[in-house]
Number of protein chains: 4
Amino acid sequence: MTDILFAQDVDVKLVRHSASDADVANAARVSTLGDQVLEWSKAFDGQVEDVEHPGQARNRGLINFLMRDRHGSPFEHNSMTFFVQAPIFVAREFMRHRVGWSYNEESGRYKELRPLFYLPGEDRNLVQVGKPGAYRFEPGTDEQRVNVEHSLSVIYRAAYSHYQQLLSQGVAREVARMLLPVGLFTTFYATCNARSLMHFLSLRTINENATVPSFPQREIELVADRMEELWAERMPLTHAAFNANGRVAP
Amino acid sequence: MTDILFAQDVDVKLVRHSASDADVANAARVSTLGDQVLEWSKAFDGQVEDVEHPGQARNRGLINFLMRDRHGSPFEHNSMTFFVQAPIFVAREFMRHRVGWSYNEESGRYKELRPLFYLPGEDRNLVQVGKPGAYRFEPGTDEQRVNVEHSLSVIYRAAYSHYQQLLSQGVAREVARMLLPVGLFTTFYATCNARSLMHFLSLRTINENATVPSFPQREIELVADRMEELWAERMPLTHAAFNANGRVAP
Amino acid sequence: MTDILFAQDVDVKLVRHSASDADVANAARVSTLGDQVLEWSKAFDGQVEDVEHPGQARNRGLINFLMRDRHGSPFEHNSMTFFVQAPIFVAREFMRHRVGWSYNEESGRYKELRPLFYLPGEDRNLVQVGKPGAYRFEPGTDEQRVNVEHSLSVIYRAAYSHYQQLLSQGVAREVARMLLPVGLFTTFYATCNARSLMHFLSLRTINENATVPSFPQREIELVADRMEELWAERMPLTHAAFNANGRVAP
Amino acid sequence: MTDILFAQDVDVKLVRHSASDADVANAARVSTLGDQVLEWSKAFDGQVEDVEHPGQARNRGLINFLMRDRHGSPFEHNSMTFFVQAPIFVAREFMRHRVGWSYNEESGRYKELRPLFYLPGEDRNLVQVGKPGAYRFEPGTDEQRVNVEHSLSVIYRAAYSHYQQLLSQGVAREVARMLLPVGLFTTFYATCNARSLMHFLSLRTINENATVPSFPQREIELVADRMEELWAERMPLTHAAFNANGRVAP
């Protein structure tokens, strides 16, 4: 009998990228003129040119202007592909993002799914309080924590055991998998650009800079936070402008 | 304890629609001229005008021409909203269709999910044979059928029972649902137009008129077949042209 | 020789629609539960049920909630097709809207284009002042107005005359039209839903309720204003919620 | 007075790219299993491993399989940004491609447009023959060629002269440009992935390998041919599979 594995965390990697702040500035410059861009950046930053990074200050002003006034298209001429390992219920919510996103997910029809299941970690709040539209989460009691771990692991084990038994009896993978819980991990590629990523982040992260409140489920928030870190390294000026302008996708 | 319900079928309803063959013809006529349209339809059908349904023959020829030469945009100026009740694994595959589709699905975060689970019916083949990329399905033995029903129903019952117990212990719905299997039914609204629907049907139905083979899972095929019937009633000329031209979305 | 026609206005008609506030509420109700919806609406409006229009108050509260918290998808399950007659430079800007929009435009390759050209009306400001990123428009002098009308009409006439001459000499329409100005009127069908329309309106109208400033060219603003009127008649609660929440598309 | 420039050709550059055949194979492998991929490639190519380029033969077989059976999503995890200089009438047709495309175009509102206009070259057929839906093009007579060049250049010159005069009189750029012909060159960034590019190429090129006929205007065909060359260098296996499978986008 196969060992069941449990994980309390998601996995996110940036497997391919072609994304820089200069891509945004270059795209914006096509639609206007170099001199205008210079005026914009001066008007916004009032900064003299950074001697070591010529163009940096100019780009910062321009990107800030684009973000503030919701000129979204210059943020689309770049590309990032993320590898994500997360529970099925996270993938379900993730793939509702249609515009500016491409996906490839492992298939339960073509391969035998691995016995890796999600269990909430210690810092995962288990209890929902408040009214519809304004829920808050609280840690929950030790008893609740024990009950969750018990129920999830019991069902995960039993389900995977039945899954394997059906496979061994010659039943098709796509039929046997019907009994597998949405807490099972899946893996997928997700490709986006800075604009579509910002839209995703505005809905799937919790951040004090946000002008519009969002209420993401904790597990997709974990994924989103990792993606944001990886993105911020590649496009620091764009990321800063996103934060400075209320974390609303332009 | 709540009774568990099993269903062997999906449910599809057309809840809102504004879709007719005339919508296609009208949109095409904006981009050209009435006289040209007339010539096209003659060239295609060689038909005299239907006296009782003036415009019918002309529309048929025009729609056929558009389908054959892959002029897709005239097929987008119409709209249908379907209500679908199907297992989660079907919804997962369905919502991978991004372009020309809008969705609203019931949420396991905001409501307690109902105990309705999918069991394969008598005519659902259970065994997959052949090579990757060219699978076929066969009925399977009586023993396999009994085993599938046994395993699925055992896990469904146990999972839902644990789900309810966790809820009664005050655990948040979004946590408790992690153990629910993908065979649970969900409900959603799906809005599309004739073009996006044809693309969906080309991938999710099996039909002898199709020039490109497709290998849909049986359960999404059930949904697709119902949608096709409902659509064909509203847009019979478009449906006929789809079949006559290899069931490839224009 | 063909007479040249000038027009100072655009034309917008709603040629097909299936769009009501109830469509939004119904879609939202799929994803939650009737009782929750009721609680939401109470929490938002604090209103007792309207006796003559049962459901109205409930829908208003729900739609307001969805708009405020940016739940955009329920606004997509409806459809409107507009017929638009506007100058080419307006169509160019309009069709940059990709998501949730479908188009069919008359073709200069397949038909002879009509001699209808745009001239700015009396209330169209002609002079741009201020800095990049913060332009304002002013009426301009009588002399400027005369010069604009003179130059536009001279070129429009000469261009259309050459266009017809080339056609009469057997030159292909798609070649002869190269010399036609972008002030020529074109016609197109544009199909959208309430969500994609709100996004368009947020960028192409000027309105004191808007939290994000927009700087549309006057001529596309004319089109947008007509569309907004036609839409507001069909979906008054959604339109009111759009205005009440800063005219930002959810 | 500014000199008017004429050009008989378009300009296309690949300014940013992150696109390789391996991207396609990697994305496909997420959704299946390494071993299955190997079987697929054997089944398709029957090839032994290329010793110098390990993985090449395997990728070729896999990519061919994906293309043939219309598994489109693995072709989306890559990105190319093209700079295009082409007449406005080409940009108009180009930007009708919505899905998987991002654009930034120079703006006639924010900058003074340059006096660069398109004239058909010697090899550009000028005369359209045949019936609607099945047009062919023929070279045209010398007289027709002279007439085209005469009419276009006369209007181009007069229009640009009036444009500059209006600007010098203080009229806003967005008003003055109304008289500029669609033969004026514009520049834009266009970002796509292999899948959206293939869809574009299937409609905008003429190629004997194509199973579906297309009738692109010559000038957009020039752009498409350049893009195809630049793409084929980066993704030779994908390009070969596109040709081998009827040039239909998967």
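**View 1. B:Gln128 sits in strand S6 of chain B.** Strands here are DSSP runs of E with at least two residues, helices are runs of H or I with at least four, and both are numbered from the N terminus. This is a predicted model, in which local features need pLDDT of at least 70, side-chain atom pairs count only at pLDDT 80 or more, and totals for chains, interfaces and linings use all residues. Residues are numbered from 1 along each chain as its sequence is written, chains are lettered from A in the order in which they are written, and side-chain values use heavy atoms, with hydrogens and water left out. Is B:Gln128 buried or exposed? B:Gln128 counts as buried because its relative accessibility is 17%; the cut-offs are under 20% for buried, over 50% for exposed and partly exposed in between, using a 1.4 Å probe and protein chains only. Leaving aside residues up to four places away in sequence, B:Gln128 touches A:Arg109, A:Ala172 and A:Arg173 in chain A, along with B:Tyr135, B:Arg136 and B:Phe137 in chain B. Contact means heavy atoms within 4.5 Å.

**View 2. Here is the interface of chain B and chain A, where 56 residues of one are in contact with 56 of the other.** Together the two chains bury about 4,700 Å², with 55% of it on carbon and sulfur atoms; this is the accessible area (1.4 Å probe) that two parts lose on being put together, summed over both. Look for B:Arg92, B:Arg98 and B:Met178, which supply 15% of the area that chain B buries against chain A, more than any other three residues.

**View 3. A:Glu174 and B:Arg124 join their side chains in a salt bridge, at 2.8 Å from N to O.** The rule, a side-chain nitrogen of Lys or Arg within 4 Å of a carboxyl oxygen of Asp or Glu, finds 4 salt bridges across this interface. Among the elements that give two or more residues to the side of chain B that touches chain A are helix H4 (88-94), helix H5 (142-168) and helix H8 (218-234) of chain B. H5(B) gives the most, with 13 residues.
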